[in-house]
Amino acid sequence: MSQFDLVIRGARCATASDVFVADIGIVDGRIHTLGRSIGPGRREIDAGGRWVLPGGIDSHVHVDQRQTGGGLTADTFATGSVAAACGGTTTMIPFATQDRGQSLRWAIEEYHDRARGKTAIDYNFHLIVADPTAEALSEELPDIVAGGCTSLKFFTVYDDVMLKDRQLLDAMAAARCEGAMVMVHCENAAGVAWMTERLLERGLHAPKYHPAARPAIMEQEAVYRMTAFAELTGVSLMVVHVSSGDSIALIAAARRRGVQVHAETCPQYIALDSTDLDRPGLEGAKALCSPPPRWRGNEAAIWQGLEDGFFDVFSSDHSPYRFDSSGKFPHGRDVPFNRMSSGVPGIETRSPILFSEGVRKGRIDINRFVALNSANAAKIYGLYPRKGTIAVGSDADLCIWDDRYETIIDNGLLHHSVDYTPYQGMRITGWPAITLLRGEVVAEYHSFCGTSGNGRYVPAEKRMSAGAVTPTQAELSKLGVRLASGQ
Ligand code: DUC
Ligand code: ZN
Ligand code: ZN
């Protein structure tokens, strides 16, 4: 190579499995060469032995999305992606939402239109399916998967999007057949509604009652049911935003049975707890999300799962609702907790929190950090090895980390369109000094220096199609019954 577009010298690289020192030669936005004393480059950056890690992948993000409950997401694809870049994230996977009665094709096209030309980092979509008609599943889904959207999201709660058990089974079977995977928000709707009514009847309206309305046992009920459905249909499942230690045990048991079930957790389940909802006035609403942060002490179980490899991904569930407006309070401020928008912002603070609390405090090593921060999401959602690693041929999405940089999280530092962060005042050690998207510098510390609109849609690979589901045949063969051919 006569000259690289860019050479990063003296990089202490880490992937999910390896650590090595190299110069990184970049051509046309991709890693062309990894070696010693390579070069020259038209431009050179001296990493000076600092960590150079794959750019973050935030695989659970809500931007410019119609949300259940009517709250307006403050971030657009433009503002959310700038905030992401300033926190070291170079790929995000937000949601496209199907409304009931709407075709899946329209839903995905609508979100492509919202993102195209406005996004500062690369992106894919998960498609929320709220109306899994036979036509949607058999006629639309194959094209959507072929178009690179290979992950579907289902809800077991929230009246406007939740699916009945029978719909979940049909949609899971269709996903398996098409080589898509499914993500499920797991909470038992009846249990949440029943608890909420009981609290409201007694006049218990403050944000601090939100965790009691959505108890961990109701998360566990849905986790068990969804892992059972995944077992029956053979689909690959991601249990999103796992909040409690007991859910971990249920997922681990399903894995031992051979069910392909992945698990995600989020910063709010290690850095917040239910006491954060018990702040004066409405301040507690700044930590109101679902599933809720649990009792103090529960975070130790979440950390255990991050440390021992139980969790596959660490995502933000970035839900940007402004506190001073109809975002958090679409029905006014004088309402009970169940009429406030559920969700916390976190796209910019996700990676620094995991690095600071995880790597710097010695809870996880650098390889586990890369796995949780980017590599596993890339593998699970079909973006690997283009994203999520440092390898010849991969996109040059890289972060040079300043692991000694100390800061205190302050909303004034952040780039989202939200007027608060639930992590205000948290001490952080380590921040991406330089973030590159396909070889272009997009952020330096807290400053965005990329170009809004340079982000590209990255189609995801589908999983190997497992064919049509025949649980009856499988069950019967366990009982020793043989079906005649064609039966
Ligand atoms: N709950 C959700 O289900 N999604 C967004 C955020 C939240 O709190
Ligand atoms: Zn959710
Ligand atoms: Zn979410």
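How far apart are the zinc ion (ligand 2) and the zinc ion (ligand 3)? They sit 3.6 Å from each other. Keep in mind that what you see here is a predicted model. Let's take the two zinc sites in turn.

Start with the zinc ion (ligand 2). Its protein donors are His-185, through ND1, and His-241, through NE2. His-185 belongs to strand β11 (residues 181–185), while His-241 is in the loop between β12 (237–239) and α8 (245–256), so the pair ties together parts that are 56 residues apart in sequence. Are these two histidines buried or exposed? His-185 is buried, with a relative accessible area of 2%. His-241 is buried as well, with a relative accessible area of 2%.

Now for the zinc ion (ligand 3). Here the protein donors are His-60 (NE2), His-62 (NE2) and Asp-317 (OD). Along the chain, these donor residues follow the spacing H-x1-H-x254-D. His-60 is found in strand β6 (residues 56–61) and Asp-317 in the loop between β14 (313–314) and α11 (350–360), so this pair ties together parts that are 257 residues apart in sequence. Both His-60 and Asp-317 are buried.

Here are the two sites side by side:

| Zinc ion | Protein donors | Distance from the zinc ion |
|---|---|---|
| zinc ion (ligand 2) | His-185 (ND1), His-241 (NE2) | 2.1 to 2.2 Å |
| zinc ion (ligand 3) | His-60 (NE2), His-62 (NE2), Asp-317 (OD) | 2.0 to 2.1 Å |

Technical notes:
Residues are numbered from 1 along each chain as its sequence is written. Chains are lettered from A and ligands numbered from 1 in the order in which they are written. This is a predicted model: local features need pLDDT of at least 70, side-chain atom pairs count only at pLDDT 80 or more; totals for chains, interfaces and linings use all residues. Side-chain values use heavy atoms; hydrogens and water are left out. Donors are N, O and S atoms within 2.8 Å of the metal (3.2 Å for Na, K and Ca); water is not among the atoms, so sites may look incomplete. Helices (H or I, at least four residues) and strands (E, at least two) are DSSP runs, numbered from the N terminus. Buried means under 20% relative accessible area, exposed over 50%, partly exposed in between (1.4 Å probe, protein chains only).
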